[in-house]
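Q: Please take one residue of this structure and look at it closely. Then set out the rest of the chain around it in one connected account.

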Amino acid sequence: MRHVLILGAGFGGLELATLLSGSMSDEFHVTLIDQNDTFIFGFSKLEILIGRQTREAVSLPYRDITKPGVRFRQERVIAIDPPRRHVVTDGGTYDSDFLVVALGADYDPAVTPGFVADGHEYYSPAGAERLRDALAAFTGGTLIVAILGVPFKCPPAPYEGALLIHEYLMERGVRDVTDIQVVSPMGSPIPVSAEASAAIVLALAERGIGYTPGHRVTALDPSAHVARLATGDRPYDLFVGVPVHRVPAVVAESGLTKGGNDGWAAVNPRTLATPFPGVYALGDCADAPVPRAGVFAENAARVVADQIAAAIRGSGPTDPYNGQGSCYVEFGEGLVGKLDADFLSGPSPSAPFLGPSLELATEKARFAATRRQRWFGT
Ligand SMILES: Cc1cc2nc3c(=O)[nH]c(=O)nc-3n(C[C@H](O)[C@H](O)[C@H](O)COP(=O)(O)OP(=O)(O)OC[C@H]3O[C@@H](n4cnc5c(N)ncnc54)[C@H](O)[C@@H]3O)c2cc1C
């Protein structure tokens, strides 16, 4: 019986394990490894940030996974040997016939001087909890939300954060004594969609949130509470940064990043295959020409599942990766917009934008519920 080893039980790994479990489980078995005991949707961190949900309430325990042919192991991957498809964890060693690396992106907050000492983030559950507490105690002043490096997870998320923080501070009655500013190194919020960018820029302006595109905060001065930009310093009372992202160290050390752009795992963008036979990389850790977002990781998992099934059956070519995904964007006041992105199937990337509306908020809730049901049966 063949062995499929999936490293990382995030958006991509969970979808792949689900798909493989649903087909041919008598011909192979799957081991799914993650260092954590629970999964949290990226967008749930926004809920934690504004105190709408607790971390416990949005945590989905891996122990709930009961899929035929799939066993979950809570272990930390410490070495990957792609030519041998061999993996070492803190709990054992694994050999595989198919190895899928879906370890996501790590954060590197220390690479921005002063950020660890004086900045907040909401990209990790712990960071979102700390920022929630800081916002609850905030009495007004200048609040900067800055994107510290590109690429980063979920291109709309920094703007969603700013819009939700605005709403939260309104409710607390301290918005009129707070100046919120968004600073981004990118020229527009969502470069692939002029419509979505315009809707976000309008929403920021309508709420009196400052927006400085094309500028990057390079460092913080924790003693002076000042953010350093090439064009001058900006004082702040509360600094919120989207940390610089990087490939997990264990992936970088494995040789999988050789040939990938900016240190990400090198893959064929149409198949997600790495240069090593039987080894795939998908989702945020892979150098595929799509944004870092769960919906793209999920779609990539479908392509990899098809290829593994085809390799086992000895059947013909499978559909190539189309780089499609629908991303939901929180605007506050219960309104949600949607981007239907397609990066690879047309002559050029496209991403028409819908909303924002209450109906799309319902659709987003359904999106989360179907994944909870598919992956965890809850
Ligand atoms: C605030 C915020 C909002 C977001 N909103 C959205 C959204 O609305 N829609 C959307 O599609 N995406 C959204 N995202 C992005 C989304 O969460 C990620 O892009 C997505 O989770 C990537 O999937 P993945 O499978 O590649 O990696 P992940 O889901 O990050 O999974 C990687 C897994 O690997 C594990 N891992 C890493 N290193 C090791 C190791 N050494 N050993 C064992 N396990 C390890 C991690 O614990 C993790 O569970 C958001 C992200 C954030 C931060």
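**One residue and its chain**

A: A199 counts as buried because it has 22 C-beta neighbours inside 10 Å; the cut-offs are 20 or more for buried and 12 or fewer for exposed, with partly exposed in between, using C-beta atoms placed from the backbone. This is a predicted model, in which local features need pLDDT of at least 70 and side-chain atom pairs pLDDT 80 or more, while totals for chains, interfaces and linings use all residues. Numbering starts from 1 along each chain as its sequence is written.

A199 belongs to helix α7, residues 194-206 (helices are DSSP runs of H or I with at least four residues, strands runs of E with at least two, numbered from the N terminus). Leaving aside residues up to four places away in sequence, A199 touches G337 and F353; contact means C-beta atoms, placed from the backbone, within 7 Å. G149 is 50 residues from A199 along the chain, and 23 Å separates their C-alpha atoms.

The chain as a whole is divided into domain 1 (2-105 + 247-320) and domain 2 (109-244), with bounds from an automatic or database assignment. Between the C-alpha centres of domain 1 and domain 2 there are 30 Å. Domain 1 gives 14 residues to the contact and domain 2 gives 16. On the side of domain 1 that touches domain 2, α2 supplies the largest share, four residues.

There is also an open sheet of five strands, with parallel pairing and the order β5-β2-β1-β9-β20 (two strands pair if DSSP finds at least two bridges between them). At the edges stand β5 (70-74) and β20 (279-281), each with a single partner strand, so one side of each has no neighbour in the sheet. Inside the order, β1 (residues 2-7) and β2 run parallel and are joined by six bridges. V4, for example, has V30 in β2 as its bridge partner. The helix α1 packs on this sheet and touches β1, β2, β5 and β9 (98-101).

Note on methods
Two residues are in contact if their C-beta atoms, placed from the backbone, lie within 7 Å. Axes are lines fitted to C-alpha atoms, for helices over the stretch in contact, and angles run from 0 to 180 degrees between N-to-C directions.
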